[in-house]
Amino acid sequence: MSAEDVLLRGTELTRRWGGLVAVDRVSIAIARGSVHAVIGTNGAGKSTLINMLSGELPPSGGSVELLGQDVTAWTQARRARAGLGRSYQRNTIFPDFSVFENCRLAAQAQTQRPWAWWQSAQRCPASTAAARDAAGRAGLLALLDRTAGLLSHGQKRQLEIAMCLATAPQVLLLDEPLAGMGAEETERMLALLDQLRAGHAILLVEHDMDAVFRIADRITVMVNGAVIACDTPAAVRSSPAVQAAYLGEGEAAHG
Amino acid sequence: MKPDVSKIVFVLIAFKALALYPLIAGSFGIDFVTKIMVYAIFALSLELLVGSTGLICFGQAAFFGIGAYAAVLLTPAEGPASLWWLLPVGALAAAVFALVVGALSLRTQGVYFIMVTLAFSQMAYYVAHDTPLGGGSDGIYLNNKPVLGWMGAPLLDLDQPLALYGFTWACLLTVFAMLALLLRSRFGRALAGIKANEQRMRAVGFSTYPYKLAAFTLSGGIAGLAGFLFAVKDGYVNPELFSWHFSGAVLIMIILGGLGHLRGALIGAFAFALLQEFFKSESVFGAFAKHWQLGLGLSIIASVALLPRGLVGLPGQWRDRLVGRTDARGAAGADAVDAAKVSP
């Protein structure tokens, strides 16, 4: 991968909570056209890492670069407007709004125009078009008028992705998009991620190992806040250090 | 998102009825309904914060009081001031104070926000109560009510109860229409998103703080307009206009009417004022009428318990009882009421 294709780069990111080091000098680079998965046991620091990259949590040390710009001091909203989209592990849709309005409101972030208070939001051409497009890509066109809170769990996960896409991001940070999904829904979501890979740089945090090894181009393995491996799926699978961390074979790490 | 015809019809009939009311009313009725319409403007200002943005402000009376005191303090001693500048300046004074209070208090959340807004309104109360500026606990009289003139000819003399009634009606209509437009605009939808899930709004790219501050400032300006009209109506202001009882009363109005609806503020203001008048009436309660607050309090507890969606939700509640179902929107509305209930 060439340097220009790296859309999001975290360098030496560290986060301390008092004496506890949740993330310890982690560097990560996400390139356009690739799915980069981050795996690790619970408490390994994956969510903390994603929160530092998205701007929800200021790092104790290190820097974040988005599209070649240093964005370490930027707020989450500013990073989002610059092309960084994220979805959440728990559903964070707007349950009372329709599917369409969920996507439209997300798209509105790119053309906010809050001073035009006399114009109806429903007539905003930019956000309505982007919302329809995003819902279509996430496979929700048939459900545009449905109240979001009444969707099935899998559809809500799709809506999470659609809201993310509606903001026209170049980088996607997806926090466990497959959580709680059935086999069929998982297949559909993986197919969607595969489609999105072409135009985006995707960071995927996921517990479903089968899915991760199928879809990821690169895998970063975290243990206790530190990276112990970052390589192709095949290399990670055969890495003794990773096996030791996951299977608890203490001697393998040294051998 | 489709415009609901029954809502529009209700609002049109309500404003039409208010416009025709002076034809059948005596001077007491005109004065009473003018007061209620002022309360309704005040309630709409708080509805913008609590019902539309999810910010529970417990210091709304401060903005009302500033609008009222501005009307009195800025009127020159020698004669009436022109409404053209006095009204905007009164509302603007309240908006500026709201901008400062909002800039600081919006850095907190939840119960802390409630407490900080209360603290600021108490500060304003003591400025009015204990400094020479505010005239002390006796209050100040407005000797010359503002006039609305055009090219030297008086158009409207607010000393006339009927003129004041009409002007207040026009203000209420303007505020209502403006807020209705605002809430369906991009700005309004962003506020609705902030109320539903502020974290998600930041994640898609909204800087939520300026949005909340703009809503807070606008709300303060509208409350200032209501206070201004109140001072002109009574011709008298006192520090009780700033009191936290009044901030609580307006919160009760919008909860009673139904949070999340502009109509709720309108209905709530009427319901509150009518209940208050009912429990105060000696012809109904005799000597007990002096304990009117007891009756009012009990009826408010009963209505919140029995009408979780407020008076606005009453038709829907009856429909649900007949058809036997509850829809998702109604349940969410009840949650909002629950959230507001714990506040005061």
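This is a predicted model: local features need pLDDT of at least 70, side-chain atom pairs count only at pLDDT 80 or more; totals for chains, interfaces and linings use all residues.
1. As background, strands of a sheet pair through backbone hydrogen bonds, and the pairing may be either parallel or antiparallel.

2. The two strands belong to an open sheet of 6 strands in chain A, whose order is β6-β7-β8-β3-β9-β10 and whose pairing is mixed. At its edges are β6 (84-87) and β10 (226-231) of chain A, each of which pairs on one side only. If direction is ignored, neighbouring strands of this sheet are turned against each other by 15 degrees on average.

3. Which helix lies across β3, β6, β7, β8 and β9 of chain A? The helix is α1 (residues 46-54) of chain A, and it runs at about 150 degrees to β7(A).

4. Turning to chain A as a whole, the chain contains 10 helices and 10 strands. Its radius of gyration is 19 Å, close to the 18 Å that the globule rule gives for 255 residues, so chain A is as compact as a globular protein of that length. The C-alpha trace of chain A spans about 70 × 40 × 35 Å along its principal axes.

5. Buried residues account for 45% of the 255 residues in chain A. If one takes the contacts in chain A between residues at least 6 apart in sequence, 66% of them join residues that are at least 24 apart.

6. Chain A also touches chain B, and the contact takes 32 residues from chain A and 24 residues from chain B. On the side of chain A that touches chain B, the elements giving two or more residues are α2 (76-81) and α3 (99-108) of chain A. Sorted by class, this side of chain A has 14 nonpolar, 13 polar and 5 charged residues.

7. In chain B, one residue to look at is B:F58, which lies in the loop between α2 (27-53) and α3 (60-73) of that chain. Is B:F58 buried or exposed? B:F58 has 24 other C-beta atoms within 10 Å, and because a residue counts as buried when 20 or more lie within that distance, B:F58 is buried. The C-alpha atoms of B:F58 and B:S27 are separated by 34 Å, and these two residues are 31 residues apart along the chain.

Terms used: Residues are numbered from 1 along each chain as its sequence is written. Chains are lettered from A and ligands numbered from 1 in the order in which they are written. Helices (H or I, at least four residues) and strands (E, at least two) are DSSP runs, numbered from the N terminus. The radius of gyration is taken over C-alpha atoms; the globule rule is 2.2 Å times the number of residues to the power 0.38. A residue is buried if 20 or more other C-beta atoms lie within 10 Å of its own, exposed if 12 or fewer, and partly exposed in between; C-beta atoms are placed from the backbone. Two residues are in contact if their C-beta atoms, placed from the backbone, lie within 7 Å. Ala, Val, Leu, Ile, Met, Phe, Trp, Tyr, Cys and Pro count as nonpolar, Asp, Glu, Lys and Arg as charged, and the others, Gly among them, as polar. Two strands pair if DSSP finds at least two bridges between them. Axes are lines fitted to C-alpha atoms, for helices over the stretch in contact, and angles run from 0 to 180 degrees between N-to-C directions.
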